[in-house]
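Me: I would like to go through this model with you, starting with its aromatic residues. Could you keep the answers brief?

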Amino acid sequence: MNLPYLTTKNINAFIKAALAEDIGSGDHSSLGSIPEDATSQAHLIIKDDGMIAGLELAEKIFNYVDADLKLDFIKKDGDLVESGEVGFNITGSSRSILSTERLVLNCLQRMSAIATYTHHMNLLIKGSKAKLLDTRKTTPLFRLPEKWAVVIGGGVNHRFGLYDMVMLKDNHIDFAGGVKNAINQTVAYLEKNNLNLNIEIEVRSLKELEQVLDVGQVHRVMLDNMLPSDIKQAIKMIGGRFETEASGGITEKTIAEIAETGVDYISVGALTHSYKSMDMSLKAF
């Protein structure tokens with residue numbers, strides 16, 4: 001999976017921070033009750049229907065803690081699963097399994113929920129040209145797994161952070177003194193600092209879109225909280241000059257109609273901020 005943020009360095013940094021938060025000075029429950037040389041077997045039991053995601057990350061977490069743990073995967077990321085199925089079996093140090101159990105489950109439960117919802121939303125726009133985007137509405141310090149899960153579910157990542165793309169939203173425009181100032185000042189800033197970044201600008205009305213068309217110099221226009229009829233008109237006005245993105249309060253009840261307008265992208269913050277974790281557990285056997 002060719003995602004620029006999925007580097008060994010970034011993944012290991014996430015795992016290290018998450019383990020430090022959970023284990024701290026030591027997993028004293030396991031250290032106190034389990035002999036150092038004890039070994040055990042456990043399996044991941046899936047308790048909900050959906051799409052599983054996070055198995056590759058789970059393997060990396062287990063290997064980070066104890067390279068001698070042996071994993072036998074029955075499912076792979078992106079598989080549709082049913083309650084009662086087993087995702088993987090694990091064998092090795094009892095202490096290692098117990099110390100990593102909660103982090104692995106936290107990642108799997110959340111990533112699977114996001115992948116499941118993303119898959120569901122994608123089915124609703126199947127047959128259209130629109131691609132489903134996530135947003136920066138993610139859990140602090142958990143963005144890497146959340147955006148990874150969106151891709152597993154068939155979605156497309158928007159920018160990862162503030163640094164890898166310019167997005168001029170309503171506050172930027174208002175603080176800058178209007179659409180023209182916001183774009184021109186941004187272009188000048190990028191040139192001055194030798195930055196090669198795409199510019200996306202949000203418009204709240206067809207009047208603001210007219211101002212963008214007068215200035216140009218952007219890569220994508222975000223059509224925010226617009227009715228499908230206005231989105232169609234906006235796409236006609238743009239005439240292929242820029243990519244288009246629909247955004248703002250889009251739900252499973254409205255996404256199909258939005259997709260039928262011919263918009264290029266649809267961004268849905270709910271993919272990463274309104275999911276319900278998929279139930280699963282790690283049980284000894």
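Me: Are Phe 62 and Phe 88 buried or exposed?
Reply: Both Phe 62 and Phe 88 are buried; buried means under 20% relative accessible area, exposed over 50%, and partly exposed in between, with a 1.4 Å probe and protein chains only. This is a predicted model, in which local features need pLDDT of at least 70 and side-chain atom pairs count only at pLDDT 80 or more, while totals for chains, interfaces and linings use all residues. Residues are numbered from 1 along each chain as its sequence is written, and side-chain values use heavy atoms, with hydrogens and water left out.

Me: How many aromatic pairs are there?
Reply: Rings of Phe, Tyr and Trp (its six-membered ring) pair if their centres lie within 6.5 Å; planes under 30 degrees apart count as stacked, over 60 as edge-to-face and the rest as tilted. The count by this rule is four aromatic pairs. In one of them, Phe 62 and Phe 88 have ring centres 5.9 Å apart and planes at 80°, so the pair is edge-to-face.

Me: Where do Phe 62 and Phe 88 lie?
Reply: Phe 62 is in helix α3 (residues 55–65) and Phe 88 in strand β5 (residues 86–93), so their pair ties together parts 26 residues apart in sequence. Helices (H or I, at least four residues) and strands (E, at least two) are DSSP runs, numbered from the N terminus.

Me: And how do Phe 73 and Phe 88 pair?
Reply: Phe 73 and Phe 88 are also edge-to-face, at 5.6 Å centre to centre with 65° between the planes. This pair links distant parts of the chain, with Phe 73 in strand β3 (residues 70–73) and Phe 88 in strand β5, 15 residues apart. Phe 73 is partly exposed at a relative accessible area of 29%, whereas Phe 88 is at 0%. Phe 62, Phe 73 and Phe 88 form one aromatic cluster.

Me: On to the sheet. What is the strand order?
Reply: The open sheet of four strands has the order β3-β5-β1-β12, with antiparallel pairing; two strands pair if DSSP finds at least two bridges between them. β3 and β12 (280–284) stand at the edges with a single partner strand each, so one side of each lacks a neighbour in the sheet. On average, neighbouring strands are turned by 20° against each other, direction ignored; axes are lines fitted to C-alpha atoms, for helices over the stretch in contact, and angles run from 0 to 180 degrees between N-to-C directions.

Me: How many bridges join β1 and β5?
Reply: Strand β1 (residues 39–46) pairs with β5 in the antiparallel sense over six bridges. Ile 45 has Val 86 in β5 as its bridge partner.

Me: Which strands does α3 touch?
Reply: α3 packs on the sheet and touches β1, β3, β5 and β12, its direction making about 170° with that of β3; contact means heavy atoms within 4.5 Å. Helix α4 (residues 94–124) lies across β1, β5 and β12 and runs at about 160° to β5.

Me: Which residues of α3 are buried?
Reply: They are Leu 55, Leu 57, Ala 58, Ile 61 and Phe 62. These residues cover an arc of only 155° around the axis, which puts them on the same side of α3; the arc is that of the directions from the helix axis to the C-beta atoms.

Me: Changing topic, which residues of α9 are buried?
Reply: In helix α9 (residues 228–238), Pro 228, Ile 231, Ala 234 and Ile 238 are buried. They fall within an arc of 115° seen down the axis of α9, so they line one face of the helix. Their cover includes α8 (206–215), β9 (220–224), β10 (243–247) and α10 (255–259).

Me: How is β9 covered?
Reply: Both faces of β9 are covered, with Arg 220, Met 222 and Asp 224 buried on one side and Val 221 and Leu 223 on the other. Strand β8 (residues 199–203) pairs with β9 in the parallel sense over four bridges, and Glu 202 stands opposite Met 222.

Me: Last item: what is the phi of Leu 141?
Reply: Phi of Leu 141 is near 70°, a positive value in a residue other than glycine. Leu 141 is in the loop between β6 (131–133) and α5 (143–152), and counts as exposed at 82% relative accessibility.
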